[in-house]
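This report describes a ligand site and a set of aromatic contacts. The sequence and the structure are shown first.

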Amino acid sequence: MKKIVLDTYEEVSRAAADIYTRQLKEKPGSVLGLATGSTPLGLYAELVRRYQAGEIDFSRARSFNLDEYYPIGGDHPQSYKYFMYENLFNRINLADSQLPDGEAGDPRAECKRYDAAIEAAGGIDLMLLGIGHNGHIGFNEPASSYSMGTHYIDLTESSIAANSRFFTDGGTQPVKALSMGVGAIMESKSVLLIITGAGKAAIAKKLFEGRIYTDVPACFLLLHPDATVIMDRAANGG
Ligand code: F6R
């Protein structure tokens with residue numbers, strides 16, 4: 001696992017955008033794995049800026065997102081679909097972008113369809129990840145065994161509590177989700193994990209001990225042949 005530590009969040013976002021820029025120059029038809037959350041917002045803003053400046057072209061690329069709540073409509077402001085359209089898809093020229101469908105009638109069939117779509121696309125070239133305070137990647141929470149493919153899951157109490165602040169409009173907060181599994185993430189040709197902020201320093205420290213803690217899903221990335229972590233000084237312990 002390659003570790004890059006930069007001073008600020010902005011530098012991390014630009015360095016991550018450099019990796020995307022290089023990826024699309026080398027392979028314009030790349031399949032990009034994408035994440036939601038606060039960590040990639042700076043990266044997405046930088047990709048939009050570069051696209052508007054004519055420095056990067058997504059017209060032959062496509063994307064698959066890690067996860068989505070279930071059930072949730074794509075027009076719900078807290079859906080991951082809404083987040084991605086607001087922050088990225090409406091602002092760049094990606095040829096195609098997919099998320100697990102939070103409105104699918106049969107969630108388990110949707111998981112199978114999603115895995116088949118990723119496979120038909122040739123697999124993911126560059127998978128972007130953030131990390132939860134508990135070491136989760138996607139909605140793969142600390143557990144003793146992990147699903148390999150996209151799966152339909154009950155969110156943990158801690159994830160429901162962490163996300164409840166976003167569901168204050170009186171609507172029902174989803175307690176389930178559809179998430180790519182550890183296997184799908186590990187099969188990506190390359191992985192880019194971004195870790196920023198002092199709040200992530202403890203989990204980053206644990207990850208860089210270099211041991212496979214089975215209750216820290218991000219530790220699987222230590223086994224990936226082409227994984228890069230870009231972090232800021234705060235996440236690296238200051
Ligand atoms: C996002 C996702 C999550 C986040 C993680 C970090 O699609 O699956 O695993 O990457 O919870 O979230 P932030 O960036 O908000 O700290």
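A polar contact is a pair of N or O atoms within 3.5 Å. The model discussed here is predicted.

An oxygen atom of the ligand lies 2.7 Å from an N or O atom in the side chain of Lys200. Because the cut-off for a polar contact is 3.5 Å, this pair qualifies as one. For the side chain of Thr39, the separation between an N or O atom and a ligand oxygen atom is 2.4 Å. The side chain of Thr36 likewise places an N or O atom 2.9 Å from an oxygen atom of the ligand.

On its own, the ligand has 410 Å² of accessible area, and the protein covers 85% of this area.

## Pocket and surrounding shell

The ligand is located in the largest pocket. Around the ligand there are 14 residues, of which Ser38, Thr39, Asp67, His136 and Lys200 come nearest. Divided by class, this shell consists of 8 polar, 4 nonpolar and 2 charged residues.

## Aromatic pairs

Counting rings of Phe, Tyr and Trp whose centres lie within 6.5 Å, the model has 8 aromatic pairs. In the pair formed by Tyr69 and Tyr80, the ring centres are 4.9 Å apart and the planes stand at 45 degrees, so the pair is tilted.

Tyr69 belongs to strand 4 (residues 67–70), whereas Tyr80 belongs to helix 3 (residues 80–89); the pair therefore ties together parts that are 11 residues apart in sequence.

## The cis peptide bond

Pro71 is placed in the loop between strand 4 and helix 3. The peptide bond that leads from Tyr70 to Pro71 is cis, and its omega is near -10 degrees.

Technical notes. Residues numbered from 1 in each chain as written. Predicted model: local features only at pLDDT ≥ 70, side-chain atom pairs only at ≥ 80, totals over all residues. Heavy atoms only, no water. Near = heavy atom within 4 Å. Polar contact = N/O pair within 3.5 Å; in protein donor to acceptor, adjacent residues only side chain to side chain. Areas by Shrake-Rupley, 256 points an atom, 1.4 Å probe, with all protein chains shown as cover. 1 Å grid on protein atoms, 1.4 Å probe; cavity = no way out; pocket = protein on both sides within 12 Å on 5 of 7 lines; lining within 4 Å. Sits in = over half its atoms within 2 Å of the grid points. Nonpolar A, V, L, I, M, F, W, Y, C, P; charged D, E, K, R; others polar. Phe/Tyr/Trp six-rings, centres within 6.5 Å; stacked < 30°, edge-to-face > 60°. Helix = DSSP H or I, 4+ residues; strand = E, 2+ residues; numbered from the N terminus.
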